[in-house]
Amino acid sequence: MSPAPDRLSPQITTLIVLLVVALFLLPWVAGRYPVYLAMQILILAVFSLGFNLLLGYTGLLSFGQAGFFAVGAYACAKILLAVPNLILGIAGGVACAGVAALLLGILSVRHTRIYFAMLTLAFGMMIYSIAWKWRDFTGGDDGLVGIPRAPLEIPGIVSVSVAAMDRYYYVVLVLSLLAILAMYRLIRSPLGLTLQAIRESDTRAEFAGVPVRKYRLIAFTVAGLYAGLAGALLPPLENTVTPPIAHWSTSAEPVLATLLGGVHSFAGPIVGAFLFFVIKDVIVRFTEYWLIWFGIIVVALVIGFPGGVMSIFARRHRRVVQHPDDADHMHKVQ
Amino acid sequence: MTDLLRIEDATKRFGDFVAINGVSLALPAGRLTAIIGPNGAGKTTLINLATGAFVPDRGEMYFKGDEITHLPVHQRVRKGLSRSFQVMNIFAHLSVLQNILVPVLAMRGRAGFPFHEMTRETEAVTEARRILREIRLPDAENLPAGTLSHGDQRLLELGIAIAPAPELCFLDEPSSGLTPVERTMVMELIRRLSTERRTTFVIVEHDMDVVFALADWIVVMNRGQVLIEGPPAEIRENHAVREVYLGEEELLA
């Protein structure tokens with residue numbers, strides 16, 4: 001995290017390259033289900049990465065990110081139902097979520113800690129009830145159905161069909177990788193440093209000349225854009241959007257994924273998203289009450305690795321910022 | 001001397017408690033002022049009013065002639081008014097260099113640049129390293145600030161306060177918790193910075209050795225009011241001051 005950047009070690013770089021190559025080859029070597037699962041993981045990874053910009057880097061715990069996820073999904077669905085153009089749908093979803101986050105952020109970032117968490121929870125549930133009640137626009141509890149996996153099209157220039165699941169996978173993959181890359185740069189930029197300073201001490205940051213509330217709003221809006229992108233990728237995949245995606249339990253998914261992977265590590269939310277679906281997928285095979293078992297596993301992991309799974313690598317690789325809470329624990333383990 | 005900061009008839013209440021009661025104070029450029037007084041005299045509240053952490057219930061404040069009574073904290077910092085904290089307030093999990101970079105970038109209006117790496121901020125990094133040399137912490141730049149010794153954290157606290165290149169800088173008990181050696185070093189540093197950087201320092205301090213060694217001017221506060229102000233020699237002889245410090249007279253002797 002030092003400003004003279006500790007470059008990724010050769011081993012980590014190799015690992016990332018191999019992973020990306022594997023992801024690009026996936027549709028050739030695996031069946032439909034792994035490809036579908038990979039898309040779910042990528043979508044949650046993007047969603048969680050935005051969430052962790054707030055929690056891990058700015059120090060704000062939002063319980064309402066599903067609201068922006070849903071705005072992205074519904075906006076994308078409405079656009080695709082009117083104009084079958086995937087670029088327009090996804091861009092529109094992201095933009096609408098960004099605007100929603102900006103507006104609700106202005107009200108939310110006036111508060112911090114539990115008050116911020118409660119406000120975001122309330123705003124999230126407000127969006128949920130809009131999705132539920134505004135039947136004419138959202139389709140109520142039936143949701144929106146028959147959303148086309150529209151082609152990537154620049155009218156008159158190019159039109160690429162992504163109707164096949166394998167092809168749509170590449171849309172999700174490329175956009176997710178770009179979003180991850182953009183976040184990686186953001187974290188290491190002056191903006192990333194300023195946000196981390198606010199997390200460490202908002203009074204100190206303010207007295208260092210940082211307009212703290214403005215920067216919290218920027219972080220909140222960026223997190224909303226990421227939630228919106230994740231949400232917008234979903235309707236073309238599922239061909240349908242229903243109100244549960246706006247429910248607070250959807251907001252809990254990036255929270256759980258981030259806790260699993262590690263709050264204080266850039267890759268934490270990505271690794272956590274992977275673990276989230278893998279654990280879920282395994283448990284669902286054995287029991288219908290997967291959520292209970294899932295909860296137990298998350299609690300066990302959080303107690304066992306308070307810094308998330310990524311903290312296991314903390315001593316060997318300096319990608320993870322060591323925190324006292326984690327460090328204390330590491331001593332005990334040793 | 002022109003007044004850098006002028007406080008006019010400021011009052012601040014917390015419920016029924018009047019923390020600052022009709023204080024008027026002028027802080028001219030180039031004069032190192034020490035604010036002293038017993039616990040609860042209102043010294044830190046006065047800093048909080050001057051730097052914008054609190055808005056006074058009554059009264060006005062002017063910085064270089066401009067009214068700043070309702071100006072937000074970060075804008076006062078941009079105008080050249082900064083502070084350190086009595087209780088340690090640093091960015092503990094950031095590196096020492098990053099601690100200094102935060103105010104340096106904010107002052108350059110570059111704190112919000114989102115898409116390039118810190119390494120491209122060469123001017124800011126150079127300036128931050130220069131400040132680390134000034135506060136004698138150049139070898140620690142990559143250490144997490146929270147791992148520094150108490151004394152070094154105090155120095156860093158001072159470094160963050162001077163990083164915005166303030167014209168007026170409040171230091172809230174800069175010597176608290178320091179060893180005698182560290183204290184001497186901090187005093188020398190303050191003296192040197194006030195001549196080299198032309199920063200006007202206002203210190204709140206309990207240690208009378210530090211106060212009398214550094215201050216050109218002493219303001220004595222008691223119960224939210226300015227009891228008396230004047231040059232050190234005059235304050236040392238003042239009977240009223242001795243009464244306020246009853247039992248602590250040997251400190252002033």
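Author: Two strands pair if DSSP finds at least two bridges between them. Strands (E, at least two residues) and helices (H or I, at least four) are DSSP runs, numbered from the N terminus.

Reader: What kind of model is this?

Author: This is a predicted model: local features need pLDDT of at least 70, side-chain atom pairs count only at pLDDT 80 or more, and totals for chains, interfaces and linings use all residues. Residues are numbered from 1 along each chain as its sequence is written, while chains are lettered from A and ligands numbered from 1 in the order in which they are written.

Reader: In what order do the six strands of the open sheet in chain B lie?

Author: Read across chain B: E6-E7-E8-E3-E9-E10. The sheet is open and its pairing is mixed. E6 (81–83) and E10 (225–230) of chain B stand at the edges. Each has a single partner strand, so one side of each lacks a neighbour in the sheet. From one strand to the next, the twist averages 20 degrees.

Reader: How many bridges join E7 to E8 in chain B?

Author: Five, between E7 (residues 168–172) and E8 (residues 200–204) of chain B, and the two run parallel. Take one pair: Phe170(B) has Val202(B) of E8(B) as its bridge partner.

Reader: Which strands does helix H1 of chain B touch?

Author: Contact means that two C-beta atoms, placed from the backbone, lie within 7 Å. H1 (residues 43–51) of chain B packs on the sheet and touches E3 (33–36), E6, E7, E8 and E9 (217–222) of that chain. The direction of H1 makes about 150 degrees with that of E7(B).

Reader: In what sense do E1 and E2 of chain B pair?

Author: Antiparallel, over eight bridges, with E1 at residues 3–14 and E2 at residues 17–28 of chain B. Asp3(B) stands opposite Pro28(B) in E2(B). The two strands E1(B) and E2(B) form a hairpin with two residues between them. In that turn, Gly15(B) has a positive phi of about 65 degrees. E1(B) is also joined to E4 (residues 58–63) of chain B by five bridges, again antiparallel. There, Leu5(B) faces Phe63(B) of E4(B).

Reader: How many residues of helix H3 of chain B are buried?

Author: Buried means 20 or more other C-beta atoms within 10 Å; 12 or fewer is exposed, and in between is partly exposed. In H3 (residues 96–107) of chain B, twelve of the twelve are buried, so the helix is largely enclosed by the rest of the structure. Among them are Val96(B), Gln98(B), Asn99(B) and Met107(B). The buried residues pack against H8 (190–200) and H9 (202–207) of chain A, and against H2 (73–79), H4 (122–134) and H5 (150–162) of chain B. Just after H3(B), Gly109(B) takes a positive phi of about 70 degrees.

Reader: How many residues of chain B are in contact with chain A?

Author: 37, and they meet 30 residues of chain A. On the chain B side, H2, E6 and H3 each give two or more residues. H3(B) gives the most, with eight.

Reader: Where do the axes of H12 and H13 of chain A lie relative to each other?

Author: Two packed helices are described by the angle and the distance between their axes. The axes of H12 (residues 268–286) and H13 (residues 290–304) of chain A come within 9 Å and cross at roughly 135 degrees. Contact residues include Ile279(A) and Ile283(A) of H12(A), with Trp290(A) and Trp293(A) of H13(A).

Key. Axes are lines fitted to C-alpha atoms, for helices over the stretch in contact, and angles run from 0 to 180 degrees between N-to-C directions.
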